[in-house]
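Welcome! Please keep the sequence and the 3D view open as you read.

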Amino acid sequence: MQTPRSGAASAAPGAAPGAATRGDTSAANFHDSDRQSMENRLCEALETLSQIRVTVMNHEQANEQVLEQRVDRLVRGYADMFETKDRLNVNIPEEVLAYVKDGRNPDEFTSQFMERVASENQFTNGKISALTSFRQEYEAKLNEFFPEESAERPNHQQKQQPE
């Protein structure tokens, strides 16, 4: 898995560079199958780690062969994941990786990020509203004090179309 470099953005979320576009579903399906395969392998590795933990906690001489088989399965799973990683183009924000490294749930990051975005959106909307009110008040005062020049000024009262 790759982490994004500062300011780097991919053309399409989760798409490999030059890979799937809207009309190219075969490349998208290939990427999705690799991603699903990696997710399955990760789940299998977690399950194997859990089984190893239980085996070690209940350690008996007879369980050594079972433990060896589970460790072998884990190592093979890691090898498979290592082979698959180069076919995936997944950008994970470094902040999410830091959350995981600190033992925190990455969903926490998502929740906090959404709250921060909503807050910044409200702040920006407040600025837009304040500037719109100021412009309207300014134009009204200009028209009040300089009515003869009002025809020469552009009319910003109408909502401007985004470009």
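## Overall layout

Going along the sequence, the protein shows the pattern α-α-α-α. That makes 4 helices and 0 strands. Please keep in mind that this is a predicted model.

**The protein as a whole**

- The protein has 163 residues, and 13% of them are buried.
- Among contacts with a separation of 6 or more, 57% are between residues 24 or more positions apart.
- The accessible surface amounts to about 13300 Å², and carbon and sulfur atoms hold 53% of that surface.

**The largest nonpolar core**

- The largest nonpolar core has 11 residues in all: Met38, Ala45, Ile52, Leu74, Met81, Leu88, Val90, Ile92, Val96, Tyr99 and Phe109.
- Two or more residues of this core come from each of the elements α1, α2 (64-85) and α3 (94-101).
- Helix α1 gives the largest share of the core, with 3 residues.
- Phe109, one of the core residues, touches Glu95, Val96 and Tyr99 when residues up to four places away in sequence are not counted.

**Aromatic rings**

- How many aromatic pairs does the structure hold? There are 3 aromatic pairs.
- One of them joins Tyr99 and Phe109 in an edge-to-face arrangement, with 5.5 Å from centre to centre and 70° between the planes.
- Tyr99 belongs to helix α3 and Phe109 to helix α4 (residues 106-145), so this pair ties together parts that are 10 residues apart in sequence.
- Tyr99 and Phe109 are both buried; for Phe109 the relative accessibility is 12%.
- Phe109 also pairs with Phe113, and this pair is stacked because the planes are at 20°, with the ring centres 5.9 Å apart.
- Phe109 and Phe113 are 4 residues apart in helix α4, which means that about one helical turn separates them.
- Is Phe113 buried or partly exposed? Phe113 has a relative accessible area of 37%, so this residue is partly exposed.
- Taken together, Tyr99, Phe109 and Phe113 form one aromatic cluster.

- Which residues make a nonpolar surface patch of about 310 Å²? The patch is made by Leu46, Leu49 and Tyr78.
- Leu49 sits in helix α1, which covers residues 25-57.
- With a relative accessible area of 38%, Leu49 is partly exposed.

**Salt bridges**

- In the Glu39 and Arg35 salt bridge, the closest N and O atoms are 3.5 Å apart.
- Both Glu39 and Arg35 are found in helix α1, where a spacing of 4 residues puts them about one turn of the helix apart.
- Glu39 is partly exposed at 35% relative accessibility, and Arg35 is partly exposed with a relative accessible area of 37%.
- A salt bridge also links Glu108 and Arg104, again with 3.5 Å between the closest N and O atoms.
- Glu108 has a relative accessible area of 36% and is partly exposed; Arg104, with 34%, is partly exposed too.
- Glu144 forms a salt bridge with Lys141, and here the closest N and O atoms are 3.9 Å apart.
- Helix α4 holds both Glu144 and Lys141, and because they are 3 residues apart, about one helical turn lies between them.
- Lys141 counts as partly exposed, with 37% relative accessibility.

**The loop between α2 and α3**

- Where does Asp86 lie? Asp86 is placed in the loop between α2 and α3.
- Is Asp86 buried or exposed? The relative accessibility of Asp86 is 60%, so Asp86 counts as exposed.
- Asp86 and Asp34 are 52 residues apart along the chain, and their C-alpha atoms are separated by 10.0 Å.

Note on methods: Residues numbered from 1 in each chain as written. Predicted model: local features only at pLDDT ≥ 70, side-chain atom pairs only at ≥ 80, totals over all residues. Heavy atoms only, no water. Buried < 20%, exposed > 50% of the residue type's maximum accessible area, 1.4 Å probe, protein only. Contact = heavy atoms within 4.5 Å. Areas by Shrake-Rupley, 256 points an atom, 1.4 Å probe, with all protein chains shown as cover. Patch = residues over 30% accessible without salt bridge, like charges linked within 9 Å, V, L, I, M, F, W, Y side chains within 5 Å. Salt bridge = Lys/Arg side-chain N within 4 Å of Asp/Glu carboxyl O. Core = buried A, V, L, I, M, F, W, Y, C linked by side-chain atoms within 4.5 Å. Phe/Tyr/Trp six-rings, centres within 6.5 Å; stacked < 30°, edge-to-face > 60°.
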